[in-house]
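Have the structure open and follow along.

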Amino acid sequence: MNTYIKYYLNAILLSTLGTNFAKSDFSNVITKSLSQNGYYKFPDGFLIQWGYFSGGTANNQSINFPLSFKSCFSLAFSSTTDNTNNSIWSVNYAAIYASYFTVYRRYADAGTIANSSQSFRWIAIGTWK
C-alpha cells in the first residue's frame, strides 16, 4: 500500500474517532441544567439533582425531581428561618421514588407543634442508568 493511501486512511480513522468517542473534558457526553431546580448527569450513570421548594403546608407534600432516577440513594435538606422564639423547623422525607419524593415539614416551639410552610433546598444523589 502506498504512503498516500495509508495517510488518507489514517486521516479518515482519526476524524471518525473525534466524533464517536468522548472528548477529554466530557463536554460532549455530560448533560446538565444549572437552574434553581437542576441536575448534572454524568456519562458513567452518576446523577446529582437539586432544587428549592416553597409551596403549601400540607404534610406528605410531593416534590418532583427534574429527571427520573434509576436509583436515588441520598437526599438532604437545608432551610433557614429567623429563630427569635427558640422554635424548631424540620424537613424530613417520607418516601423517595424514581421521579419524586415526599416530605413532612414541621414547626415546634414551647407551646405549638404544627405543619410548617418553611421553604427549603434539597439535593439528591443517585444513578440514572
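Setting aside neighbours within four places in sequence, Tyr 52 touches Gln 36, Asn 37, Ser 119, Phe 120, Arg 121 and Trp 122, where contact means heavy atoms within 4.5 Å. Take Arg 121: it sits 69 residues from Tyr 52 in sequence, yet the two are 4.4 Å apart, C-alpha to C-alpha. With Ser 119, the side chain of Tyr 52 makes a polar contact of 3.1 Å (a pair of N or O atoms within 3.5 Å, one able to donate a hydrogen and the other to accept it; residues adjacent in sequence count only if both atoms are side-chain atoms).

A quick word on the model: it is predicted, so local features need pLDDT of at least 70 and side-chain atom pairs 80 or more, while totals for chains, interfaces and linings use all residues. Residues are numbered from 1 along each chain as its sequence is written, and side-chain values use heavy atoms, leaving out hydrogens and water.

Now zoom out. Tyr 52 belongs to strand β3, residues 46-53 (strands are DSSP runs of E, at least two residues, numbered from the N terminus). Strand β2, residues 38-41, runs antiparallel to β3 and is joined to it by four bridges; pairing takes at least two DSSP bridges. One such link has Tyr 40 partnered with Ile 48 in β3.
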